[in-house]
Amino acid sequence: MRAPLHFDAIVIGAGAAGMFCAALAGQRGRRVLLIEHYRIVGEKIRISGGGRCNFTNLDAGPANFLSGNPEFCRSALARFMPRDFIAIVERHGIRWHEKKLGQLFCDGSSNQIIAMLRAECERAGVTWWQPCPVDGVTRDGEDFAVATPKGSENCACPDSPSRNPAVPAPAMVSTTGVQSPASARTRGSRAQRHHTIDASTIAITVAMASHLPAALMSAHSPSNEE
Ligand SMILES: Cc1cc2nc3c(=O)[nH]c(=O)nc-3n(C[C@H](O)[C@H](O)[C@H](O)COP(=O)(O)OP(=O)(O)OC[C@H]3O[C@@H](n4cnc5c(N)ncnc54)[C@H](O)[C@@H]3O)c2cc1C
């Protein structure tokens with residue numbers, strides 16, 4: 001019998017948002033599972049910025065984001081500025097240049113940003129399941145339960161009658177992207193049909209069963225364990 005799976009958070013979708021979220025949460029001590037249903041990650045990053053990825057803008061601020069809750073952008077951006085992302089880019093030895101109006105691009109290729117995000121996830125000890133479809137997300141008491149075929153392989157209970165036993169976690173982040181060539185693959189996926197998420201307007205959904213979103217990203221130490 002295999003050991004049961006324990007994760008603090010499950011991130012669905014390994015695009016820019018999912019890899020970055022998983023990496024930061026993992027680096028703050030959270031046990032993170034990142035699930036991607038396609039065999040390639042970061043396809044949109046690869047084509048971004050004409051293949052050189054316009055990875056940030058020096059002047060990016062809350063006013064540049066559309067949000068039903070502008071205060072969220074204000075507080076989130078106050079905690080993570082463009083210079084924080086530039087610091088990660090430079091730590092990975094990626095050379096960059098400013099094109100115009102504060103737009104920053106890689107000197108080389110967008111693939112460098114994909115490799116950087118993958119490496120950050122690796123450094124954070126993120127568990128990757130890929131390619132791995134998500135068959136459904138349900139609530140299981142205080143937890144979310146994410147069903148995948150891989151959950152079956154790793155199931156601690158071989159006698160379970162369920163074909164795709166779900167992996168539980170107190171936090172689930174859906175970063176499955178918006179309308180684009182990539183989203184054509186995701187449209188109609190069972191993960192989305194189980195929820196009333198309007199994928200044309202919402203790119204990232206953070207769902208916490210019993211924790212505030214800040215709990216996912218806050219430093220992990222015994223003193224702040226919930
Ligand atoms: C041509 C083009 C140029 C662009 N240029 C720039 C630029 O220069 N600068 C910039 O900032 N932005 C640019 N963008 C936008 C930017 O690429 C996207 O906003 C960003 O990459 C989106 O990241 P994401 O993680 O939200 O979504 P995505 O990249 O779409 O990632 C979502 C991931 O979720 C996976 N997924 C979906 N459903 C499921 C499921 N059910 N189970 C498991 N996995 C699932 C998908 O396969 C995908 O890997 C550009 C976009 C395009 C199309």
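How many helices and strands does the protein chain have? The protein chain has nine helices and eleven strands, where helices are DSSP runs of H or I with at least four residues and strands are E runs of at least two, numbered from the N terminus.

This is a predicted model, in which local features need pLDDT of at least 70 and side-chain atom pairs count only at pLDDT 80 or more, while totals for chains, interfaces and linings use all residues. Residues are numbered from 1 along each chain as its sequence is written.

Let's start with the chain as a whole. Of its 226 residues, 28% are buried (20 or more other C-beta atoms within 10 Å of the residue's own, with C-beta atoms placed from the backbone). Among contacts with a separation of 6 or more, 66% join residues 24 or more positions apart; a contact here puts two C-beta atoms, placed from the backbone, within 7 Å.

Now to a helix pair. Helix 1 (residues 16-27) packs with helix 5 (residues 111-123) at an angle of about 30°, their axes 8 Å apart. Axes are lines fitted to C-alpha atoms over the stretch in contact, and angles run from 0 to 180 degrees between N-to-C directions. That angle makes helix 1 roughly parallel to helix 5, a label for angles under 35 degrees. The residues that make the contact are listed here:

| Helix | Residues in the contact |
|---|---|
| Helix 1 | Met19, Phe20, Ala22, Ala23, Gly26, Gln27 |
| Helix 5 | Leu117, Arg118, Glu120, Cys121, Arg123 |

By class, this contact of helix 1 with helix 5 has six nonpolar, two polar and three charged residues (Ala, Val, Leu, Ile, Met, Phe, Trp, Tyr, Cys and Pro count as nonpolar, Asp, Glu, Lys and Arg as charged, and the others, Gly among them, as polar).

Three strands form an open sheet in the order 7-8-9, with antiparallel pairing; strands pair if DSSP finds at least two bridges between them. Strand 7 (136-140) and strand 9 (166-169) are the edge strands, each pairing on one side only. From one strand to the next, the twist averages 30°.

Strand 7 pairs with strand 8 (residues 143-147) over five bridges, and glycine 136 stands opposite alanine 147 in strand 8. The two strands form a hairpin with two residues between them, and glycine 141 in the turn has a positive phi of about 65°.

Note on methods. Angles under 35 degrees count as roughly parallel, over 145 as roughly antiparallel, 65 to 115 as roughly perpendicular and the rest as oblique. A residue is buried if 20 or more other C-beta atoms lie within 10 Å of its own, exposed if 12 or fewer, and partly exposed in between; C-beta atoms are placed from the backbone.
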